[in-house]
Each structure stands twice: as C-alpha cells, then as structure tokens.
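Subject: Structure for you, with notes

Hi,

Here is the structure I promised. Please have it open while you read the notes below.

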Amino acid sequence: LSAYNIHVNGVLHCQVRYSQLLGLHEQLRKEYGANVVPAFPPKKIFTLTPAEVEQRREQLEKYMQAVRQDPVLGGSETFNSFLRKAQQETQQIPTEEVPLEVLLSNGQKVTVTILTSDQTEDVLEAVASKLDLPEDLVGYFSLFLAREAKDGAFSFLRKLQEFELPYVSVTSLRSPEYKIILRKSYWDSSYDDDVMEQRVGLNLLYAQTVSDIERGWILVTKEQHRQLKSLQEKVSKKEFIRLAQTLKYYGYLKFEPCITDFPEKGCQVIVSAGNSELNFQVRLPSEQIKEGSFKVTRMRCWRVTSSVPTSTGPPGSSPGKAEVKLELAFEYLMSKDRLQWVTITSPQAIMLSICLQSMVDELMVKKSGGSIRKMFRRRANGALRRSDSQQAVKSPPLLESPDGSREPMLKLSSKLTSVSLRGISHSGSASDLGANDFHGNYAFEGIGDEDL
C-alpha cells in the first residue's frame with residue numbers, strides 16, 4: 001500500500017493513505033456540499049503504473065493545497081482534526097495523560113498535565129489555568145515551538161497551530177533542544193494595557209520584556225538602562241513596561257542572522273518583525289551596515305518555498321534530520337509603480353510568514369473596529385472551545401464582527417504554510433509546496449503621490 005508523506009512547514013507531519021484522504025474528501029463534501037470542495041483524484045480498479053502513481057501524488061498534492069487555501073475548508077474542524085489524528089497515528093503515540101513542560105520567557109518552567117491528544121488550544125488553556133491567567137486574557141498569548149541554543153538563547157521556529165498536537169509535535173522531533181514557549185501573540189503594544197490590568201498578565205509581560213532586553217532584542221541606551229534598572233529595583237513593573245514601550249524594537253520578534261538578496265544577492269541580514277513591518281539590518285559586501293524597513297501594508301503578496309531532500313531511509317528513521325532550505329519572498333511596492341521581489345533565505349521562513357499573516361490580520365481587525373478579547377463557545381462535554389466563527393483571525397484570536405451576517409472580509413491565515421505529499425515508495429519531487437502558494441495581502445495599500 002502506498003502511503004503519502006504530508007510535510008507541514010518543512011517537517012514531516014504525518015503519513016496517510018489514499019483511502020484516508022478519500023474519507024476526508026467525502027466528509028468535507030457531506031458538510032460543505034460538492035460545489036465547495038475541489039475535485040478528488042478518481043479511484044482506479046487496476047494497479048497503478050509508476051507514472052500513474054506520480055500523477056496521483058501530484059493531483060492529491062493539488063487537492064490538499066486547494067482545501068487548505070479555501071478559507072472555509074482550510075479553517076474547518078473536519079480538516080484540522082483529520083491532520084491531528086493522522087499526526088498522532090503516524091507518530092504512534094497512544095492517547096494518555098502526560099506531563100508537558102512549557103517555558104515562560106524568563107526560563108521559568110510550567111508543567112501541565114495534558115492528554116497526548118490535546119490540541120494547541122487545550123494546552124494553552126491548561127497553561128493559562130495553571131498560571132491563573134484569566135480566561136479573557138488567554139487569547140493574547142500563544143505557544144511557540146523554539147530551539148534552545150547552547151548559550152541558552154532561543155530561536156523561534158513557529159507558532160503552534162490548531163491542526164497539530166503540541167505534545168506529539170515536540171516529542172516527534174526527538175531532541176531535548178526543542179521547547180514550547182509561552183509568549184504574547186499580538187503586535188500592537190496598545191493591547192498591553194488590557195494585559196497589564198491583571199496581575200498574572202502583567203507578570204508575564206514584564207518577564208518577556210526583561211528577557212527581550214537582556215537578549216538584546218530591544219535596544220537600550222546607557223541612560224535608559226539606568227532608568228530601567230532603578231524601576232526594576234523599585235519593582236515598578238508597569239512603569240518599567242511603559243518605558244520599554246518607547247524603546248527601539250519593543251514588541252518585535254528578532255530572527256537569527258540569515259541571507260537576503262536585497263539590496264544585492266548574498267547579503268547577511270538580521271530581520272526583526274514588529275510594528276507592522278519587517279526591519280532589515282543588512283551587512284553589505286563592503287561591510288557597511290544599512291538599516292531599513294518594509295511595511296506590511298506595501299507587500300502585495302508573499303510566499304514560502306522550501307525544498308526537502310527526500311530521505312531514502314526507512315519510514316520513521318529520524319525525519320527531522322534532513323536540512324530543509326526555506327525561503328520567504330515578498331513582492332514590495334518600492335515606489336508608486338515599481339514592485340520588486342525581496343527574498344530571505346532562513347530556516348525561520350515559516351515563522352516569518354506566520355508573523356506577516358498575523359500582523360495583517362491584526363491590522364484588519366483594527367480597521368473593522370474588532371477587539372482581540374477571546375470569545376468561547378461551550379464544547380459539547382462542558383469544556384471550553386473557541387468559537388468557530390468564520391471571522392476567526394489567527395493571531396489575535398477572534399474578530400468580533402459587529403454584524404454576523406456580513407461577509408467575512410478576511411482570508412484566514414494559511415493553515416499549513418506548506419503542505420506536500422510524497423509517495424514513500426519512490427522519490428517524489430523535492431519541493432515542499434506548489435508555486436501557487438501565494439498569500440494575497442488584504443491590507444495592501446497603493447502609494448499616493450504624497451507618500452513619495
């Protein structure tokens with residue numbers, strides 16, 4: 001029986017058979033109607049020739065891409081739970097209670113007891129309840145998968161999504177350097193006010209701010225450093241955060257040094273995401289350092305591409321080891337009628353894309369007058385489950401739409417920034433996703449003459 005590898009974000013997520021995908025297809029059709037769901041590669045009575053096997057793999061890959069990119073299907077519980085179940089089965093992890101360690105920004109460990117089958121949101125809620133973080137603040141935080149370097153610094157790989165089981169995601173990487181970290185998940189620092197109203201929220205924000213300053217993510221002058229220190233000694237956490245909010249790169253996520261083709265090929269760059277922009281500190285071949293920013297509202301679209309070397313080892317032989325080359329490219333409005341592609345080559349490209357998407361989502365929520373307070377609906381068994389409204393926005397959790405009947409104006413964040421299916425029985429194509437994997441940007445604005 002030929003199985004297909006599904007890679008999500010450059011990592012092997014699960015292995016599925018044709019019959020399982022057909023089952024998903026039938027369930028989606030039943031729920032959403034045949035006219036919404038894309039066509040599925042037909043069943044064949046006879047054994048497939050190698051050429052037909054490859055053709056089917058390509059058709060299935062296109063099918064999964066199409067489902068994922070559809071705002072209704074890609075955001076559906078049916079699709080997400082299919083991927084979660086397949087992930088658990090592939091990793092052969094039985095459902096049982098386990099302790100899971102989650103780190104706070106300051107290195108403090110929180111151990112929660114969860115089920116191996118608990119999805120991202122369940123784990124986030126368990127951490128919040130262990131910390132006594134009130135329910136209406138849960139939505140301001142997210143769980144991130146990070147890798148701890150020898151010197152204790154963290155490199156953020158991605159935000160844990162709702163199509164995965166955090167326990168399975170972190171244990172299947174089979175290395176203690178991978179950790180799950182709790183961090184705030186919004187970009188606009190005016191939301192800090194909501195979080196600081198409450199003791200636990202204030203403590204989490206304070207711990208994150210201190211650690212971002214210590215790791216050099218936020219820039220501080222000598223004088224500012226002195227002021228911050230005295231506020232720290234007085235334990236004036238709110239004043240400390242208020243002062244930090246005025247500093248350069250406050251609220252930014254800083255990425256590992258990587259390579260860009262802007263302004264010329266092969267430049268080293270340090271990228272930071274925040275304040276509705278990607279900030280570049282580029283080292284030119286002349287060793288000169290140049291700094292500049294790309295506003296999210298001027299990015300017409302972006303895409304992540306990745307190439308995964310197909311491993312020839314038996315299934316289950318350390319899938320995470322192959323080095324995946326990831327690129328994020330965005331098309332930028334440089335001047336009134338000049339668009340230019342800018343490419344960043346970085347193992348953190350997926351995380352960059354998730355940051356862009358959530359910055360755009362947040363701008364759209366603000367435009368529509370929505371709030372990022374979290375809404376719940378009761379789950380059947382009495383536990384809490386987030387509302388599945390179509391206006392769901394991925395980073396600030398939910399758009400509270402003033403009028404439920406209104407058309408959702410948001411494209412939901414792409415679920416699997418890259419999906420690919422590869423036949424295990426033979427070496428499939430090495431690309432992790434179709435070239436059609438573009439994110440159109442709803443917050444894209446043209447430039448008027450006055451801008452130039």
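Let me start in the sheet. Strand S3 (residues 97-103) pairs with S7 in the parallel sense, over two bridges. Strands (E, at least two residues) and helices (H or I, at least four) are DSSP runs, numbered from the N terminus. Two strands pair if DSSP finds at least two bridges between them. The bridge partner of Val102 in S7 is Ile180.

A word on the source. This is a predicted model: local features need pLDDT of at least 70, side-chain atom pairs count only at pLDDT 80 or more, and totals for chains, interfaces and linings use all residues. Residues are numbered from 1 along each chain as its sequence is written, and side-chain values use heavy atoms, with hydrogens and water left out.

Back to S7. Strand S5 (residues 141-148) runs antiparallel to S7, and seven bridges join the two. Ala146 stands opposite Lys179 in S7.

S7 spans residues 178-184, and seven of its seven residues are buried. Buried means under 20% relative accessible area, exposed over 50%, partly exposed in between (1.4 Å probe, protein chains only). In a regular strand the side chains alternate between the two faces of the sheet. In S7 both faces are covered. Tyr178, Ile180, Leu182 and Lys184 are buried on one side. Lys179, Ile181 and Arg183 are buried on the other.

H1 (residues 18-32) has 15 residues and should span 21 Å at 1.5 Å a residue; its end C-alpha atoms are 21 Å apart, which agrees. The expected span is 1.5 Å times one less than the number of residues. Buried residues in H1 include Tyr18, His25 and Leu28. Just after H1, Gly33 takes a positive phi of about 90°.

H3 (residues 77-91) also has 15 residues, and reaches 21 Å from its first C-alpha to its last. Among its buried residues are Phe79, Phe82, Leu83 and Arg84. The buried residues of H3 pack against strands S1 (3-8) and S2 (11-17), and against helices H1, H2 (50-69) and H5 (166-171). Gln92 follows H3 with a positive phi, near 55°.

Cysteines next. Cys14 is buried, at 0% relative accessible area. Cys267 is buried too, at 1%. The disulfide count is zero, taking a pair of cysteine sulfur atoms within 2.5 Å as the rule.

Last, confidence. The pLDDT (the predictor's confidence in each residue, from 0 to 100) averages 81, and 78% of the residues score at least 70. Over residues 374-436 it is below 50; beyond near neighbours in sequence, that stretch has 206 contacts in the model. Contact means heavy atoms within 4.5 Å.

Best wishes
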